[in-house]
Amino acid sequence: MIVIGLTGPTGAGKSTVRELFASYGVPGIDADAVYHELISPPSACLDELTRIFGKSILLPDGTLDRKTLGKKVFSNEQARAMLNAVSHRHVMEEIRRRIAEWKKKGVAAAVLDAPQLFEAGAEKDCTAVVAVLANRNARFSRVSARDGLSKEEILARMDAQLQEDFFRSNADYVLENNSSPEDLIPSVENILKSLQIPFTPRTNQSTEIL
């Protein structure tokens with residue numbers, strides 16, 4: 001089974017690319033969505049995080065206060081490492097279980113959309129890695145519209161992540177997402193061709209993958 005690892009910095013547009021692959025019949029797993037499912041009480045993952053960071057990360061109803069946890073980790077490298085160690089382990093266990101189920105059902109290819117693909121060591125589970133990149137202004141605008149965070153919070157998150165040079169050096173394919181989703185279609189089709197994943201083309205354009 002072919003597993004396409006999809007990654008990149010916040011605001012680059014990974015979800016858009018995952019949806020494009022899905023439109024060609026390649027299903028995707030959203031690692032962030034898996035994480036959110038796994039921290040819904042009752043939750044072994046949430047219990048472990050509470051033991052590490054304290055009950056202050058919980059809302060009155062017992063669910064995770066993501067903003068409080070974010071403030072604890074995004075400016076503290078050691079705290080961020082502890083969060084990642086717990087969350088990556090739980091998330092990857094669930095992702096591997098789902099991929100194994102798809103493989104048993106005969107699914108030929110799937111996309112693993114994981115912002116922290118490399119940090120979790122998940123690139124080892126992938127046939128190829130696709131990095132989605134965009135310029136800093138575009139990313140800032142998208143995150144601001146999506147998450148409603150302050151300027152300082154957005155910049156802290158952007159700066160805490162792996163930077164563009166890392167993704168360019170470690171990905172098998174790089175998609176530049178600075179305009180419309182339609183502009184990504186030729187590059188997505190080229191990736192499908194390169195990995196020999198059957199699909200029905202939407203365009204006769206030939207665009208080199210950057």
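A residue is called buried when its relative accessible area is under 20%, and exposed when that area is over 50%. The model discussed here is predicted. With that cut-off, Cys45 counts as buried because its relative accessibility is 2%.

**Cysteines**

- Cys126 is likewise assigned to the buried class, because its relative accessibility is 13%.
- The structure contains zero disulfides.

**Helix H3**

- Helix H3 spans residues 44–53, and its buried residues are Cys45, Leu46, Glu48, Leu49, Thr50 and Phe53.
- These buried residues pack against three helices, namely H2 (31–38), H4 (66–73) and H5 (77–104).
- At the N-terminal end, H3 is capped by Ser43, which has a side-chain oxygen 3.3 Å from the backbone nitrogen of Cys45.
- Gly54 follows H3 and has a positive phi, near 95°.

**Helix H1**

- In helix H1 (residues 14–23), the buried residues are Lys14, Val17, Arg18, Leu20 and Phe21.
- These residues lie on the same side of H1, because they cover an arc of only 155° around the axis.
- The partners against which the buried residues of H1 pack are the strands E1 (2–7), E2 (28–30), E3 (109–113), E4 (128–133) and E5 (173–176), together with helix H9 (185–194).

Note on methods:
Residues are numbered from 1 along each chain as its sequence is written. This is a predicted model: local features need pLDDT of at least 70, side-chain atom pairs count only at pLDDT 80 or more; totals for chains, interfaces and linings use all residues. Side-chain values use heavy atoms; hydrogens and water are left out. A disulfide is a pair of cysteine sulfur atoms within 2.5 Å. Buried means under 20% relative accessible area, exposed over 50%, partly exposed in between (1.4 Å probe, protein chains only). Helices (H or I, at least four residues) and strands (E, at least two) are DSSP runs, numbered from the N terminus. Contact means heavy atoms within 4.5 Å. A polar contact is a pair of N or O atoms within 3.5 Å; within protein, one must be able to donate a hydrogen and the other to accept it, and residues adjacent in sequence count only if both atoms are side-chain atoms. The arc is that of the directions from the helix axis to the C-beta atoms.
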